[in-house]
Amino acid sequence: MSGSKQKSSGDVAGTTKKHQAITMETKVKITERVEGGEKMVEVAHSYNMNHSTIGMILKNKVKIIEHVKSAVPMMSTIILTKRGKAMEEMQKLLSVRMQDQHQCRVLLSLMLIQEKSKSLYEDLKKKHGKESEGASFNASHGWFHLFKARANLHNIKVKWQGGECRQGSCSGIS
């Protein structure tokens, strides 16, 4: 077999390798093994991973160690960004407001939701003071999609273009 690569049983044309979630516990063990002198390729082979995955784990070693020290369960697989109190409270209030508007059958406008979230955040930032200093918030489309998923608001329809809602006296997310 000169010049050709051997295909493993999982390497079939048109298929991809299934994504594998790696727990923090495994990531810590991997970093310990490599720092103990074991070669990256050997560690990768023992965990059935690519050596580039091991390299990324080692590159993020500091973040992984901090995350593990923060009393987060070792079975978690990703490092989450921590939100300030103002952000958490704003998202809770916005979620409740959106659910109320949805129950009133009010068509929600993304533009109004973004404006309301920004004003709520600024008010709560003033209320919480130093805990929220330096944190900036931009109510982008991406933020809204992630917020909607976090708040489990999958059944709420949002009007993407500007304009007023025409149901009753409610307009958007006042």
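# Exercises on rings and charges

Trp-143, Phe-144 and Phe-147 are joined into a cluster by ring pairs. The model is predicted: local features need pLDDT of at least 70, side-chain atom pairs count only at pLDDT 80 or more, and totals for chains, interfaces and linings use all residues. Residues are numbered from 1 along each chain as its sequence is written, and side-chain values use heavy atoms, with hydrogens and water left out.

**Exercise 1.** Classify the ring pairs Trp-143 with Phe-144 and Trp-143 with Phe-147.

*Solution.* 
- Step 1. Rings of Phe, Tyr and Trp (its six-membered ring) pair if their centres lie within 6.5 Å; planes under 30 degrees apart count as stacked, over 60 as edge-to-face and the rest as tilted.
- Step 2. The search of the whole structure gives three aromatic pairs. For Trp-143 and Phe-144 the centres are 6.4 Å apart and the planes stand at 55°, so this pair is tilted.
- Step 3. Trp-143 and Phe-147 are stacked, with 5.2 Å centre to centre and 10° between the planes.
- Step 4. Trp-143 and Phe-147 both belong to helix α7, four residues apart, about one turn of the helix. Helices (H or I, at least four residues) are DSSP runs, numbered from the N terminus.

**Exercise 2.** Is Phe-147 buried or exposed?

*Solution.* 
- Step 1. Buried means under 20% relative accessible area, exposed over 50%, partly exposed in between (1.4 Å probe, protein chains only).
- Step 2. Phe-147 has a relative accessible area of 2%, so Phe-147 is buried.
- Step 3. Trp-143, at 11% relative accessibility, also counts as buried.

**Exercise 3.** Describe the salt bridge between Glu-35 and Lys-61.

*Solution.* 
- Step 1. A salt bridge is a side-chain nitrogen of Lys or Arg within 4 Å of a carboxyl oxygen of Asp or Glu.
- Step 2. The closest N and O atoms of Glu-35 and Lys-61 are 2.6 Å apart.
- Step 3. Glu-35 lies in helix α1 and Lys-61 in helix α4 (residues 61-69), so the bridge ties together parts that are 26 residues apart in sequence.
- Step 4. Glu-35 is exposed at 52%, and Lys-61 is partly exposed at 28%.

How values were computed. Helix = DSSP H or I, 4+ residues; strand = E, 2+ residues; numbered from the N terminus.
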